[in-house]
Amino acid sequence: MKPLEGILVLDFCQYLAGPSAALRLADLGARVIKIERPGVGDGSRHLVLEGCMADGDGLNFHTINRNKESVALNTKSPEGLSMAKRLIAQADVLIESFRPGVMDKMGLGWEQVHELNPRLVYASISGYGALSPWAAKPGQDLLVQSLSGLAWLNGNADQPPMPFALSLADSYTGVHAAEGILSCLIRRETTGVGGHVEVSLLASVLDLQFEVITTYLNDGHKAPQRSAFNNAHAYLSAPYGIYETSDGYIALAMGSVPELGQIIGSEEVAAYTNQADWFDRRDEIKRKIQDVLQTNATEHWLGLLQERDYWCSDVYTWEKLVASDAFAALDFVQDVSRVEGEHVFTTRCPITFAGEDLGASKSAPRLGEDTDRIIREFHLDEKEAE
């Protein structure tokens, strides 16, 4: 039995943050029903990354919405709204990611549905928080990375701000939403009452930066200073960074600079015995490390460093990673295609339980494919009073 079997989740979300939270609950055994607009559906059905489509939907949709069912309901119509309310009355969790106030206008806001189903755990995901002066701004990943200060941590000191080249804000917010939902479900076991979980992309990205923001708040509000050379962390000293070798790259984590100099055979690097210099003169030190590492191959340096248990690693491409034994040991790829003879490969849930197999995922649903069955199962078309 999966941990969340018996839990019914309604996914009123689009794109990535909300659907990724619902996906994690589905991976862990919850029954997740997407509530989608008839004829249109989740916007990520039409969001195509590098031209990749499968069975009429963007590849990304298949990844984020596996293990779910789809019901097409027009909640702007009296009939559709009535069906949605009947379904909500029988659910354990509702997740919505509209701009603040939209669900209230639909008649499905927290206070309205709490009266309908006091046990419901209601999760709201927004860009900046319901009470924020930025509440009306679009809650989009790149925009939030830019507004949160995160983009100023990437790249070297002479480079412009650089966002992370993936949907970091959305994904991390989805994790926080799932954490809040699970916590509220546990509390419900004691109180019998649900609750309103609220997360925002901005708060989640600020939490992601807790280490460096804490330093800023307690260090006289000094702005983070990126390294001018091989920047990898604005607040960490040399040798922290990625270095070019004669045939690739090598990553060096925290470690003693003099010890590193001894290992790689550099008297110049080994001469930096004052630990304060490792930060104050980090660019100078990093350039001298780079000069040495470029003279030989990655495997040569890895052999020397690993023999001394110095923290380091190769820098893999996806091609090299996927071919590695470590990747194979994770068994991390699955096929979630819904068309025979077609393949849609994606990742698995990263959570495992010792001795248990969560099993393969069900493919993402076509728009509204479960509507009729769910209307019958949950008696959504009954005419009696709600």
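## A hairpin to start with

A hairpin of 4 residues links strand β9 to strand β10. In this predicted model, β9 covers residues 241-244 and β10 covers residues 249-252. The two strands run antiparallel and pair over 4 bridges.

Strand β9 has two faces to look for. Gly241 and Tyr243 sit on the covered face, while Ile242 and Glu244 sit on the uncovered one.

## A helix residue that meets the strand

Now turn to helix α13, residues 282-293, where you will find Gln290. Beyond its sequence neighbours up to four places away, Gln290 touches Phe229, Asn230, Tyr243 and Glu244. Gln290 has a relative accessible area of 8%, so it counts as buried.

## Arg66 and its surroundings

Arg66 is found in the loop that runs between α2 (59-64) and β5 (68-72). Its relative accessibility is 2%, and therefore Arg66 is buried. Setting aside residues within four places in sequence, its contacts include Leu23, Asp27, Gln334, Val336, Cys349 and Lys362.

The side chain of Arg66 makes a polar contact of 3.0 Å with the side chain of Ser361. A polar atom of the Arg66 side chain also lies 3.5 Å from the backbone oxygen of Thr347. Along the chain, Arg66 and Ala360 are 294 residues apart, yet 10.0 Å separates their C-alpha atoms.

## Salt bridges

The whole structure holds 21 salt bridges. In one of them, Lys34 and Asp42 bring their closest N and O atoms to 3.0 Å, and both residues are buried.

Another joins the side chains of Arg188 and Asp92, again at 3.0 Å from N to O. Arg188 belongs to helix α7 (residues 168-191) and Asp92 to the loop between α3 (78-88) and β6 (93-96), so this pair ties together parts 96 residues apart in sequence. Arg188 is buried, at 4% relative accessible area, and Asp92 is buried too, at 14%.

Asp219 and Lys222 form a salt bridge as well, with 4.0 Å between the closest N and O atoms. Here Asp219 is partly exposed at 33%, and Lys222 is exposed at 51%. Elsewhere, salt bridges with shared partners connect Glu36, Arg45, Asp55, Asp57, Arg338 and Arg366 into one network.

## A nonpolar patch on the surface

Finally, look at the surface for Tyr316, Trp318, Leu321 and Val322, which form a nonpolar patch. Together they have about 480 Å² of accessible area. Val322 is part of helix α15, residues 318-322.

Key. Residues numbered from 1 in each chain as written. Predicted model: local features only at pLDDT ≥ 70, side-chain atom pairs only at ≥ 80, totals over all residues. Heavy atoms only, no water. Buried < 20%, exposed > 50% of the residue type's maximum accessible area, 1.4 Å probe, protein only. Contact = heavy atoms within 4.5 Å. Polar contact = N/O pair within 3.5 Å; in protein donor to acceptor, adjacent residues only side chain to side chain. Pairing = 2+ DSSP bridges. Patch = residues over 30% accessible without salt bridge, like charges linked within 9 Å, V, L, I, M, F, W, Y side chains within 5 Å. Areas by Shrake-Rupley, 256 points an atom, 1.4 Å probe, with all protein chains shown as cover.
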